[in-house]
Amino acid sequence: MRYYFGYVLAIVALVILTGAFGFYWIEAGRNPNVQSFGDGLWWALVTMTTVGYGDIVPTTTFGRTIGAVLMFAGIGTVGVSTAAIAAYLIRLDRLDALRIHGFRDHVIVCGLGSAGQVLAQAFAKGGYRVLAIEKDENNPHISASRDSGIAVLVGNAGRSETLRRARLDRARHLIVVCGSDSNNVEIAAQARAIPRTVTPGLSCSTEIRDPELWYALGTWELGTRDAFRLEFFNLSELGARALLARYPPFARPPASGTGLTASAADGATARTDARVPHVLIVGASALSRHLIRHMVRQWKDAAPPADPLRITLVDANAGIVCEHLLHRHPELKTLAAINALTMDLQSSQFQHAAFLFDEGGQCDVTQVYVCVEDERLGLSTGLHLMNHVRRFGIPVVVRMDRQGGLTTLLGEDGDGKRGRAFEGFHVFGLLEQACQPELVLRGTNELLARALHEDYVARLPPDSTNPARVKWDDLPVDMKESNRTQADHIVTKLEAVGCYIVPLTAFEADPFTFAPEEVQRLAVMEHERWVAERRALGWTAGPRDPGKRTNPNLVAWDQLDESTQNMNRDFVRQLPTFLNRAGFTVRRYQV
């Protein structure tokens, strides 16, 4: 297309120059208005474009003949040029390029697959300016994104010139969801090499699909604090957390004392059923593996279980997945009784569903999760299992990419209730729940910030009127940022006592504990961090009044009352628990 456009321009220029030269050669000396070649060139331009000012008029027959040729040539070439320019602009997205010329503090989403489109739309709904980069010009999500007001550039995000066209040097966030982990990492590397022209720095959230690579890269998140902040996320892992939060498999006792509270991120409520839950998971997907891992940790953290959690995994590859889980987490053998049933989900054996019932014909499962990546198969499997367990009141949750219109089709009203026929049947939109801007942008930081808030709320007196005593989603922006800053500071505190964090590859039997002198030192650091943060926001010491931005604890550590000091010490003691819930653990540097 570029060459075609260049050819058209070359032909137009050749016609104008030829006409100008012929007109000047014929009319010079015969026409008093033609004194130089410039006069001939001017006449050719106004004639070619059919403007015809009338300041220069041919006086010879040959001059008029050239004028007639230029008029007809002008009509044709102007039409062809206009079409070529329009095609060039559309083909190479120059219209979007012109639109984003003034973009600043925008969000760039690399890759318009299913996840990329959901993320781009979520950021756009959040009030961000969004620019998507997509390599495949035939991707149907391009037109849908543009219809939503999202600018789209067609190009390879792995090339630095494409990122520069997207004005990466002025962007606020870069989201990389281009499919393969190698492509995503390469794009992140290219982005880091592009210097910034504005402040603040750029946050780069990169999707990593491989669980092993994601675990290995996860420790970088909390430690990166420069003009380029690198975050890694795994949609299946985020989806597993969201799924358990929305549809918990069992209840848990409320937190007591100063321990980490049962957070909304973990879907915790009070455990009242004495029977050991039996969770059925259909489909050996990545979501299933993360689901089992988080579920068993919840079971372990809820209370010292007398019996292992019962889990049945059904899939053609169930045995392989179970073997991998037990190899990575050998503690699962004592914390959970995992029964791997290797069978085709479309076989008559599965259709019979004998694994649902005990010898007395009673339903032996307490919760069903269908985590099949093929949405058609997953939906049919969920409906089939629902027919078996409906009379027992067992909930069935089916994983799909998006909830969409299926919820309406199955009869769910605005209050989340269903018609009698589908009562207990739920559709979980993985992308809609996992592709939340806050979770993707902040990764581990966001998970820790939420856990910190939940723990703080749990330790407030029952009659407290503290404005922070609300759910995370209802928390004011400044309070959310305070929790995020506190999570950011965790690495600094650990470094101060010779510790660091690593991915949690096993369920720790003996949790990490700080020495008493370390607890004291880190508690003081945490208080000093909080005081500096509050004062930077204009807070001063005084009676507690959020409206006037005063707080009695904005004083030196030695001036704090004992209960407030103990609250900071309790927070330090629970740091290992916070990190465990986010998938990390604390280690000491070898001396």
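**Cavities and a helix pair**

Me: To start, how many cavities of 30 Å³ or more does the structure hold?
Reply: This is a predicted model, and the structure holds 5 cavities of 30 Å³ or more.

Me: How much space lies in the largest cavity?
Reply: The largest cavity has about 110 Å³ of space.

Me: And which residues line the largest cavity?
Reply: Its lining is formed by Pro211, Glu212, Tyr215, Ala286, Arg289, His290, Arg293, His324, Leu325, Arg328 and His329. Two or more lining residues come from each of helix H9 (211–217), helix H11 (286–302) and helix H12 (318–328).

Me: Which element gives the largest share of that lining?
Reply: H11 does, with 4 residues.

Me: What is the lining like by class?
Reply: The lining of the largest cavity has 4 nonpolar, 3 polar and 4 charged residues.

Me: Turning to the packing, how do the axes of H10 and H11 cross?
Reply: The axes of H10 (residues 235–246) and H11 come within 8 Å and cross at roughly 50 degrees. H10 is therefore oblique to H11.

Me: Is that crossing left-handed or right-handed?
Reply: The crossing of H10 and H11 is right-handed.

Me: Which residues make the contact?
Reply: From H10, the contact uses Ser236, Glu237, Gly239, Ala240, Arg241, Leu243 and Leu244. H11 contributes Ala286, Leu287, His290, Leu291, Arg293, His294, Met295 and Gln298.

Me: And the classes there?
Reply: The contact of H10 with H11 has 7 nonpolar, 5 polar and 3 charged residues.

Technical notes. Residues numbered from 1 in each chain as written. Predicted model: local features only at pLDDT ≥ 70, side-chain atom pairs only at ≥ 80, totals over all residues. Heavy atoms only, no water. 1 Å grid on protein atoms, 1.4 Å probe; cavity = no way out; pocket = protein on both sides within 12 Å on 5 of 7 lines; lining within 4 Å. Points joined across faces, edges and corners; volume = space filled by probe spheres on them. Nonpolar A, V, L, I, M, F, W, Y, C, P; charged D, E, K, R; others polar. Axes fitted to C-alpha atoms, helices over the stretch in contact; angles between N-to-C directions. Parallel < 35°, antiparallel > 145°, perpendicular 65-115°, else oblique. Left-handed = near helix turned anticlockwise from the far one by under 90°. Contact = heavy atoms within 4.5 Å.
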